[in-house]
Amino acid sequence: MSKKIIVIGAGVIGLSTALECQMRGHEVILLEKGKCGGQASGAAAGLLAPFSEIEEDPDDFFTLCLSSLRLFSKWKDLVMTESNHSFEYTTSGTVHAYFHEADMLKIEMRMNWQKKFQVKAEKLTAKQIRTLEPSLSQDAVAGLYYPEESHLYAPDYLIALEKACENIGVTIHENCGKVMLENELERCTVKDEHGNRYSGDIIVLCSGAWSNEWEKYLNLAIPVFPIRGQICAYDQLDKHLNHIVYTSQGYLVSKANNTLVCGASEDIAGFNTAPTIKGIERLKNWNSQVLPMLRSKAPFSKWAGLRPATQDGFPFIGHHPNSENFIFACGHYRNGILLSPITANIVADLVEGKKSVVPLEAFAPDRFTY
Ligand SMILES: Cc1cc2nc3c(=O)[nH]c(=O)nc-3n(C[C@H](O)[C@H](O)[C@H](O)COP(=O)(O)OP(=O)(O)OC[C@H]3O[C@@H](n4cnc5c(N)ncnc54)[C@H](O)[C@@H]3O)c2cc1C
(Lines give C-alpha, C1' and ligand atoms only; values in the text may rest on other atoms or scores of the structure.)
Protein backbone atom coordinates (compact mmCIF):
# COMPACT_ATOMS: atom_id res chain seq x y z
CA MET A 1 0.00 0.00 0.00
CA SER A 2 1.30 3.45 -0.91
CA LYS A 3 2.28 5.61 2.06
CA LYS A 4 2.83 9.31 2.51
CA ILE A 5 6.37 9.85 3.75
CA ILE A 6 7.88 13.01 5.18
CA VAL A 7 11.67 13.09 4.92
CA ILE A 8 13.49 15.68 7.04
CA GLY A 9 16.80 16.88 5.59
CA ALA A 10 17.97 16.83 1.97
CA GLY A 11 21.57 15.72 2.26
CA VAL A 12 22.71 12.57 0.48
CA ILE A 13 20.78 10.38 2.92
CA GLY A 14 17.48 12.29 2.68
CA LEU A 15 17.65 12.60 -1.11
CA SER A 16 18.53 8.92 -1.62
CA THR A 17 15.81 7.81 0.77
CA ALA A 18 13.25 10.06 -0.91
CA LEU A 19 14.26 8.73 -4.33
CA GLU A 20 14.04 5.05 -3.35
CA CYS A 21 10.70 5.45 -1.52
CA GLN A 22 9.10 7.40 -4.39
CA MET A 23 10.46 4.86 -6.91
CA ARG A 24 8.63 2.16 -4.97
CA GLY A 25 5.34 3.99 -5.39
CA HIS A 26 5.10 6.01 -2.18
CA GLU A 27 4.39 9.73 -2.01
CA VAL A 28 7.36 11.62 -0.59
CA ILE A 29 7.66 15.15 0.74
CA LEU A 30 11.25 16.21 1.37
CA LEU A 31 11.79 19.16 3.73
CA GLU A 32 15.14 20.95 3.87
CA LYS A 33 16.21 23.73 6.23
CA GLY A 34 18.46 25.35 3.61
CA LYS A 35 19.53 24.04 0.19
CA CYS A 36 19.59 20.43 -1.03
CA GLY A 37 23.10 19.02 -0.55
CA GLY A 38 24.22 22.25 1.09
CA GLN A 39 25.84 20.68 4.16
CA ALA A 40 28.16 17.70 4.74
CA SER A 41 27.14 15.85 1.60
CA GLY A 42 28.16 18.58 -0.82
CA ALA A 43 31.51 18.94 0.97
CA ALA A 44 32.49 15.28 0.70
CA ALA A 45 35.43 13.91 -1.27
CA GLY A 46 33.21 11.17 -2.68
CA LEU A 47 35.33 8.16 -1.72
CA LEU A 48 33.60 4.79 -1.75
CA ALA A 49 36.37 3.14 0.21
CA PRO A 50 35.32 0.84 3.06
CA PHE A 51 38.41 -1.37 2.90
CA SER A 52 40.70 1.59 3.41
CA GLU A 53 38.44 3.31 5.94
CA ILE A 54 37.78 0.40 8.29
CA GLU A 55 40.93 -0.89 9.87
CA GLU A 56 39.61 -3.01 12.72
CA ASP A 57 38.04 -6.43 12.56
CA PRO A 58 34.78 -6.63 10.64
CA ASP A 59 31.58 -5.74 12.43
CA ASP A 60 28.03 -4.89 11.39
CA PHE A 61 29.21 -1.49 10.22
CA PHE A 62 31.67 -3.07 7.79
CA THR A 63 28.90 -5.35 6.49
CA LEU A 64 26.72 -2.29 5.94
CA CYS A 65 29.49 -0.46 4.06
CA LEU A 66 30.36 -3.50 1.95
CA SER A 67 26.71 -4.08 0.99
CA SER A 68 26.45 -0.45 -0.06
CA LEU A 69 29.63 -0.52 -2.15
CA ARG A 70 28.26 -3.54 -4.02
CA LEU A 71 24.98 -1.72 -4.70
CA PHE A 72 26.69 1.38 -6.02
CA SER A 73 27.21 0.49 -9.64
CA LYS A 74 23.49 -0.20 -10.25
CA TRP A 75 22.44 2.69 -8.01
CA LYS A 76 24.51 5.25 -9.88
CA ASP A 77 23.01 4.03 -13.18
CA LEU A 78 19.55 4.52 -11.73
CA VAL A 79 20.37 8.02 -10.43
CA MET A 80 21.88 9.05 -13.78
CA THR A 81 18.94 7.66 -15.74
CA GLU A 82 16.24 9.18 -13.56
CA SER A 83 18.00 12.54 -13.37
CA ASN A 84 19.26 12.67 -16.91
CA HIS A 85 22.37 14.15 -15.30
CA SER A 86 25.73 12.46 -15.50
CA PHE A 87 28.32 12.64 -12.73
CA GLU A 88 31.87 11.40 -12.40
CA TYR A 89 31.99 7.87 -10.99
CA THR A 90 35.36 6.17 -11.27
CA THR A 91 36.28 2.62 -10.35
CA SER A 92 39.87 3.70 -9.92
CA GLY A 93 40.79 1.43 -7.03
CA THR A 94 42.88 2.56 -4.09
CA VAL A 95 46.57 2.44 -3.34
CA HIS A 96 46.72 2.41 0.45
CA ALA A 97 50.27 3.52 1.21
CA TYR A 98 52.19 2.81 4.42
CA PHE A 99 55.24 4.74 5.54
CA HIS A 100 56.72 2.68 8.41
CA GLU A 101 58.18 -0.81 8.56
CA ALA A 102 56.04 -1.41 11.66
CA ASP A 103 52.94 -1.12 9.47
CA MET A 104 53.71 -4.45 7.76
CA LEU A 105 51.90 -6.27 10.56
CA LYS A 106 48.81 -4.08 10.04
CA ILE A 107 48.79 -4.99 6.36
CA GLU A 108 48.82 -8.71 7.16
CA MET A 109 46.06 -8.34 9.75
CA ARG A 110 43.84 -6.37 7.41
CA MET A 111 44.29 -8.80 4.58
CA ASN A 112 43.48 -11.72 6.84
CA TRP A 113 40.08 -10.51 7.97
CA GLN A 114 39.19 -8.97 4.61
CA LYS A 115 39.83 -12.29 2.87
CA LYS A 116 36.81 -13.73 4.69
CA PHE A 117 34.62 -11.18 2.88
CA GLN A 118 36.08 -11.89 -0.56
CA VAL A 119 37.65 -8.43 -0.58
CA LYS A 120 40.03 -8.14 -3.48
CA ALA A 121 43.31 -6.92 -2.01
CA GLU A 122 46.92 -7.16 -3.14
CA LYS A 123 50.00 -6.48 -1.09
CA LEU A 124 52.35 -3.97 -2.72
CA THR A 125 56.10 -3.54 -2.38
CA ALA A 126 57.57 -0.05 -2.45
CA LYS A 127 58.51 -0.62 -6.10
CA GLN A 128 55.02 -1.80 -7.04
CA ILE A 129 53.48 1.26 -5.35
CA ARG A 130 55.53 3.55 -7.54
CA THR A 131 54.68 1.57 -10.65
CA LEU A 132 51.01 2.19 -9.92
CA GLU A 133 51.55 5.75 -8.69
CA PRO A 134 54.84 7.18 -10.03
CA SER A 135 54.42 10.54 -8.25
CA LEU A 136 54.18 9.06 -4.77
CA SER A 137 56.96 9.76 -2.26
CA GLN A 138 59.95 7.39 -2.00
CA ASP A 139 59.13 7.16 1.72
CA ALA A 140 56.21 4.78 1.11
CA VAL A 141 57.54 1.37 2.15
CA ALA A 142 54.61 -0.90 1.40
CA GLY A 143 50.97 -0.80 0.51
CA LEU A 144 47.70 -2.46 -0.32
CA TYR A 145 45.85 -2.25 -3.59
CA TYR A 146 42.04 -2.38 -3.45
CA PRO A 147 40.75 -2.55 -7.04
CA GLU A 148 37.06 -2.43 -6.01
CA GLU A 149 37.20 0.95 -4.27
CA SER A 150 35.81 3.86 -6.26
CA HIS A 151 35.02 7.53 -6.02
CA LEU A 152 32.51 9.99 -7.36
CA TYR A 153 32.25 13.75 -7.64
CA ALA A 154 29.97 14.53 -4.71
CA PRO A 155 28.59 17.96 -5.77
CA ASP A 156 27.38 16.49 -9.09
CA TYR A 157 26.03 13.34 -7.43
CA LEU A 158 23.94 15.57 -5.17
CA ILE A 159 22.63 17.57 -8.13
CA ALA A 160 21.71 14.32 -9.89
CA LEU A 161 19.92 12.98 -6.81
CA GLU A 162 17.92 16.18 -6.49
CA LYS A 163 16.98 16.17 -10.19
CA ALA A 164 16.05 12.47 -10.05
CA CYS A 165 13.79 13.14 -7.06
CA GLU A 166 12.12 16.05 -8.89
CA ASN A 167 11.69 14.04 -12.10
CA ILE A 168 9.94 11.13 -10.41
CA GLY A 169 7.61 13.36 -8.40
CA VAL A 170 9.13 13.89 -4.94
CA THR A 171 7.84 17.19 -3.56
CA ILE A 172 10.87 19.14 -2.35
CA HIS A 173 10.62 22.19 -0.12
CA GLU A 174 13.91 24.04 0.44
CA ASN A 175 14.60 26.94 2.82
CA CYS A 176 12.05 25.67 5.34
CA GLY A 177 14.19 26.64 8.33
CA LYS A 178 14.25 24.11 11.12
CA VAL A 179 11.46 21.55 10.71
CA MET A 180 10.28 20.01 13.97
CA LEU A 181 7.66 17.57 15.22
CA GLU A 182 4.48 19.46 16.00
CA ASN A 183 2.84 17.22 18.54
CA GLU A 184 3.04 13.65 19.75
CA LEU A 185 4.87 11.08 17.67
CA GLU A 186 1.83 9.17 16.45
CA ARG A 187 0.28 12.24 14.79
CA CYS A 188 3.12 12.37 12.21
CA THR A 189 2.87 16.10 11.73
CA VAL A 190 5.80 18.48 11.43
CA LYS A 191 5.95 22.24 11.24
CA ASP A 192 8.53 24.43 9.54
CA GLU A 193 9.79 27.86 10.63
CA HIS A 194 7.28 29.62 8.38
CA GLY A 195 4.35 27.93 10.13
CA ASN A 196 3.65 25.40 7.33
CA ARG A 197 2.46 22.00 8.55
CA TYR A 198 3.01 18.66 6.81
CA SER A 199 1.32 15.41 7.81
CA GLY A 200 2.04 11.90 6.59
CA ASP A 201 2.02 8.23 7.54
CA ILE A 202 5.71 8.07 8.27
CA ILE A 203 8.47 10.55 9.17
CA VAL A 204 12.10 9.77 8.27
CA LEU A 205 14.78 11.75 10.10
CA CYS A 206 17.79 12.44 7.84
CA SER A 207 19.03 15.61 9.47
CA GLY A 208 22.74 14.76 9.65
CA ALA A 209 24.77 16.52 12.32
CA TRP A 210 21.64 18.29 13.59
CA SER A 211 19.77 15.12 14.53
CA ASN A 212 20.44 15.60 18.26
CA GLU A 213 18.01 18.56 18.20
CA TRP A 214 15.21 15.97 17.99
CA GLU A 215 16.08 14.35 21.32
CA LYS A 216 13.64 16.35 23.35
CA TYR A 217 10.77 15.67 20.96
CA LEU A 218 11.41 11.94 20.70
CA ASN A 219 12.16 11.15 24.33
CA LEU A 220 15.27 9.27 23.24
CA ALA A 221 19.02 9.82 23.64
CA ILE A 222 20.42 10.64 20.17
CA PRO A 223 24.14 11.33 20.68
CA VAL A 224 24.94 12.75 17.23
CA PHE A 225 27.44 15.62 17.11
CA PRO A 226 29.27 17.56 14.38
CA ILE A 227 32.90 16.75 13.54
CA ARG A 228 34.29 19.30 11.12
CA GLY A 229 36.15 17.98 8.11
CA GLN A 230 38.46 20.48 6.42
CA ILE A 231 39.48 19.65 2.89
CA CYS A 232 41.26 21.34 -0.01
CA ALA A 233 41.94 21.02 -3.72
CA TYR A 234 44.88 21.80 -6.00
CA ASP A 235 44.68 22.61 -9.69
CA GLN A 236 47.06 23.11 -12.62
CA LEU A 237 49.19 20.09 -11.76
CA ASP A 238 51.34 18.43 -14.42
CA LYS A 239 50.48 14.92 -13.25
CA HIS A 240 47.40 13.27 -11.89
CA LEU A 241 46.87 10.22 -9.67
CA ASN A 242 45.57 7.03 -11.26
CA HIS A 243 44.03 5.78 -8.01
CA ILE A 244 42.76 7.04 -4.70
CA VAL A 245 45.85 7.36 -2.53
CA TYR A 246 44.93 6.59 1.05
CA THR A 247 47.23 7.01 4.07
CA SER A 248 46.89 7.00 7.85
CA GLN A 249 46.77 10.83 7.84
CA GLY A 250 44.50 11.54 4.89
CA TYR A 251 43.66 10.79 1.27
CA LEU A 252 44.38 12.31 -2.13
CA VAL A 253 42.23 11.80 -5.19
CA SER A 254 42.35 13.24 -8.72
CA LYS A 255 39.03 14.30 -10.19
CA ALA A 256 38.02 14.41 -13.84
CA ASN A 257 37.95 18.22 -13.73
CA ASN A 258 41.77 18.13 -13.32
CA THR A 259 41.75 18.98 -9.65
CA LEU A 260 43.35 16.98 -6.87
CA VAL A 261 41.19 16.77 -3.76
CA CYS A 262 42.95 16.15 -0.44
CA GLY A 263 41.26 15.60 2.87
CA ALA A 264 40.36 15.75 5.55
CA SER A 265 40.73 16.99 9.12
CA GLU A 266 38.61 15.82 12.02
CA ASP A 267 38.06 18.66 14.45
CA ILE A 268 35.52 19.79 17.00
CA ALA A 269 34.26 23.29 16.25
CA GLY A 270 30.55 23.15 17.01
CA PHE A 271 28.54 23.99 13.90
CA ASN A 272 31.27 26.23 12.42
CA THR A 273 31.91 25.28 8.76
CA ALA A 274 34.80 27.68 8.10
CA PRO A 275 38.18 26.15 7.26
CA THR A 276 41.07 27.37 9.45
CA ILE A 277 44.66 28.29 8.58
CA LYS A 278 45.95 25.65 11.01
CA GLY A 279 43.69 22.93 9.61
CA ILE A 280 44.65 23.59 6.00
CA GLU A 281 48.38 23.97 6.81
CA ARG A 282 48.32 20.54 8.43
CA LEU A 283 46.77 19.06 5.29
CA LYS A 284 49.27 20.89 3.06
CA ASN A 285 52.22 19.54 5.05
CA TRP A 286 51.00 15.99 4.85
CA ASN A 287 50.05 16.26 1.18
CA SER A 288 53.53 17.41 0.23
CA GLN A 289 55.10 14.53 2.16
CA VAL A 290 52.96 12.03 0.25
CA LEU A 291 53.24 13.77 -3.12
CA PRO A 292 56.50 15.75 -3.38
CA MET A 293 55.18 17.58 -6.48
CA LEU A 294 52.86 19.51 -4.12
CA ARG A 295 55.75 21.08 -2.18
CA SER A 296 55.73 24.25 -4.22
CA LYS A 297 51.94 24.39 -4.62
CA ALA A 298 49.12 25.92 -2.65
CA PRO A 299 45.54 24.69 -2.77
CA PHE A 300 43.27 26.87 -4.91
CA SER A 301 40.18 25.91 -2.93
CA LYS A 302 39.48 25.07 0.74
CA TRP A 303 36.21 24.16 2.37
CA ALA A 304 34.75 22.27 5.31
CA GLY A 305 31.64 20.33 6.28
CA LEU A 306 30.12 18.81 9.40
CA ARG A 307 30.20 15.04 9.58
CA PRO A 308 27.39 13.58 11.65
CA ALA A 309 29.37 11.61 14.26
CA THR A 310 27.79 9.35 16.88
CA GLN A 311 28.97 8.19 20.27
CA ASP A 312 29.93 4.72 19.02
CA GLY A 313 30.70 5.61 15.38
CA PHE A 314 27.66 3.72 14.06
CA PRO A 315 24.69 5.40 12.37
CA PHE A 316 21.12 5.38 13.67
CA ILE A 317 19.00 3.36 11.28
CA GLY A 318 15.67 1.89 12.32
CA HIS A 319 12.29 2.54 13.84
CA HIS A 320 11.66 4.63 16.94
CA PRO A 321 11.15 2.01 19.70
CA ASN A 322 7.64 3.36 20.41
CA SER A 323 6.48 4.08 16.88
CA GLU A 324 6.52 2.25 13.57
CA ASN A 325 5.81 5.64 11.98
CA PHE A 326 9.11 7.26 12.83
CA ILE A 327 12.33 6.07 11.19
CA PHE A 328 15.89 7.23 11.83
CA ALA A 329 18.52 7.47 9.08
CA CYS A 330 21.25 9.69 10.50
CA GLY A 331 24.75 9.68 11.98
CA HIS A 332 26.65 8.33 8.96
CA TYR A 333 29.84 10.14 10.04
CA ARG A 334 32.67 9.59 7.48
CA ASN A 335 30.79 7.33 5.09
CA GLY A 336 27.43 8.85 4.21
CA ILE A 337 28.11 9.01 0.48
CA LEU A 338 29.16 5.36 0.43
CA LEU A 339 26.18 4.38 2.59
CA SER A 340 23.55 6.25 0.58
CA PRO A 341 22.18 3.34 -1.52
CA ILE A 342 21.99 0.82 1.31
CA THR A 343 20.41 3.32 3.71
CA ALA A 344 17.78 4.26 1.11
CA ASN A 345 16.98 0.58 0.55
CA ILE A 346 16.78 -0.26 4.24
CA VAL A 347 14.47 2.68 4.98
CA ALA A 348 12.20 1.81 2.06
CA ASP A 349 12.05 -1.80 3.33
CA LEU A 350 11.16 -0.60 6.83
CA VAL A 351 8.45 1.67 5.39
CA GLU A 352 6.97 -1.41 3.73
CA GLY A 353 7.23 -3.58 6.84
CA LYS A 354 9.95 -5.76 5.28
CA LYS A 355 12.99 -7.12 7.05
CA SER A 356 16.21 -5.25 6.36
CA VAL A 357 18.74 -6.95 4.07
CA VAL A 358 21.47 -6.41 6.67
CA PRO A 359 21.34 -6.79 10.48
CA LEU A 360 20.22 -3.53 12.11
CA GLU A 361 20.62 -4.30 15.84
CA ALA A 362 23.93 -2.42 16.06
CA PHE A 363 22.27 0.70 14.62
CA ALA A 364 19.16 0.66 16.83
CA PRO A 365 17.99 4.20 17.61
CA ASP A 366 17.32 3.35 21.28
CA ARG A 367 20.75 1.89 22.01
CA PHE A 368 21.74 4.88 24.18
CA THR A 369 18.43 5.21 25.99
CA TYR A 370 18.50 3.50 29.38
C1 LIG B 1 35.23 17.04 4.28
C2 LIG B 1 34.37 15.83 4.23
C3 LIG B 1 34.73 14.78 3.40
C4 LIG B 1 33.93 13.63 3.34
N5 LIG B 1 34.28 12.65 2.48
C6 LIG B 1 33.48 11.55 2.38
C7 LIG B 1 33.78 10.54 1.44
O8 LIG B 1 34.78 10.63 0.72
N9 LIG B 1 32.95 9.46 1.35
C10 LIG B 1 31.84 9.32 2.13
O11 LIG B 1 31.13 8.32 2.01
N12 LIG B 1 31.53 10.29 3.03
C13 LIG B 1 32.31 11.38 3.17
N14 LIG B 1 32.02 12.35 4.09
C15 LIG B 1 30.91 12.12 5.02
C16 LIG B 1 29.59 12.44 4.36
O17 LIG B 1 29.68 13.70 3.76
C18 LIG B 1 28.46 12.41 5.39
O19 LIG B 1 28.46 11.18 6.08
C20 LIG B 1 27.12 12.58 4.69
O21 LIG B 1 27.14 13.74 3.91
C22 LIG B 1 25.98 12.67 5.69
O23 LIG B 1 24.81 12.89 4.94
P24 LIG B 1 23.51 13.44 5.62
O25 LIG B 1 22.50 13.54 4.55
O26 LIG B 1 23.21 12.62 6.82
O27 LIG B 1 23.93 14.87 6.20
P28 LIG B 1 23.95 16.32 5.51
O29 LIG B 1 24.52 16.31 4.17
O30 LIG B 1 24.57 17.25 6.51
O31 LIG B 1 22.42 16.63 5.35
C32 LIG B 1 21.56 16.86 6.43
C33 LIG B 1 20.57 17.91 5.98
O34 LIG B 1 19.54 18.05 6.95
C35 LIG B 1 19.16 19.41 7.02
N36 LIG B 1 18.52 19.61 8.32
C37 LIG B 1 19.04 19.47 9.55
N38 LIG B 1 18.11 19.67 10.49
C39 LIG B 1 16.96 19.95 9.84
C40 LIG B 1 15.65 20.25 10.27
N41 LIG B 1 15.30 20.28 11.57
N42 LIG B 1 14.73 20.54 9.33
C43 LIG B 1 15.04 20.50 8.01
N44 LIG B 1 16.26 20.20 7.54
C45 LIG B 1 17.21 19.92 8.45
C46 LIG B 1 20.48 20.15 6.88
O47 LIG B 1 20.28 21.48 6.47
C48 LIG B 1 21.21 19.29 5.85
O49 LIG B 1 21.02 19.76 4.53
C50 LIG B 1 32.76 13.53 4.15
C51 LIG B 1 32.40 14.60 4.97
C52 LIG B 1 33.19 15.74 5.00
C53 LIG B 1 32.75 16.89 5.87
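Where is the place of Ser 67? Ser 67 sits in helix H4; helices here are DSSP runs of H or I with at least four residues, strands are E runs of at least two, and both are numbered from the N terminus. Before going further, a word on the model: it is predicted, so to speak of a local feature takes pLDDT of at least 70 and side-chain atom pairs count only at pLDDT 80 or more, while totals for chains, interfaces and linings use all residues. Residues are numbered from 1 along each chain as its sequence is written, and side-chain values use heavy atoms, with hydrogens and water left out.

Let's stay with Ser 67 for a moment. A polar atom of its side chain lies 2.6 Å from the backbone oxygen of Thr 63. Setting aside neighbours within four places in sequence, Ser 67 is in contact (heavy atoms within 4.5 Å) with Ile 342 and Val 358. Leu 339 is 272 residues away from Ser 67 in sequence, yet their C-alpha atoms are 8.6 Å apart.

Now step back to the whole chain. It has 10 helices and 20 strands. Its radius of gyration, taken over C-alpha atoms, is 21 Å, close to the 21 Å that the globule rule (2.2 Å times the number of residues to the power 0.38) gives for 370 residues, so the chain is as compact as a globular protein of that length. The C-alpha trace spans about 65 × 40 × 40 Å along its principal axes.

The chain splits into domain 1 (4-83 + 154-222 + 311-363) and domain 2 (91-148 + 225-310), with bounds that come from an automatic or database domain assignment. Their centres, over C-alpha atoms, are 27 Å apart.

So what does the interface look like? On it, 29 residues of domain 1 touch 32 residues of domain 2. About 2,800 Å² is buried between them, 60% of it from carbon and sulfur atoms; buried area is the accessible area (1.4 Å probe) that two parts lose on being put together, summed over both. In domain 1, Phe 51, Ser 52 and Tyr 333 lose the most area to domain 2, together 24% of what that side buries.

There are also 3 salt bridges between the domains, each being a side-chain nitrogen of Lys or Arg within 4 Å of a carboxyl oxygen of Asp or Glu. Helices H2 (40-43), H3 (50-53) and H4 (60-83) each supply at least two residues of the domain 1 side that touches domain 2. Helix H4 gives the most, with 4 residues.

How values were computed
A polar contact is a pair of N or O atoms within 3.5 Å; within protein, one must be able to donate a hydrogen and the other to accept it, and residues adjacent in sequence count only if both atoms are side-chain atoms.
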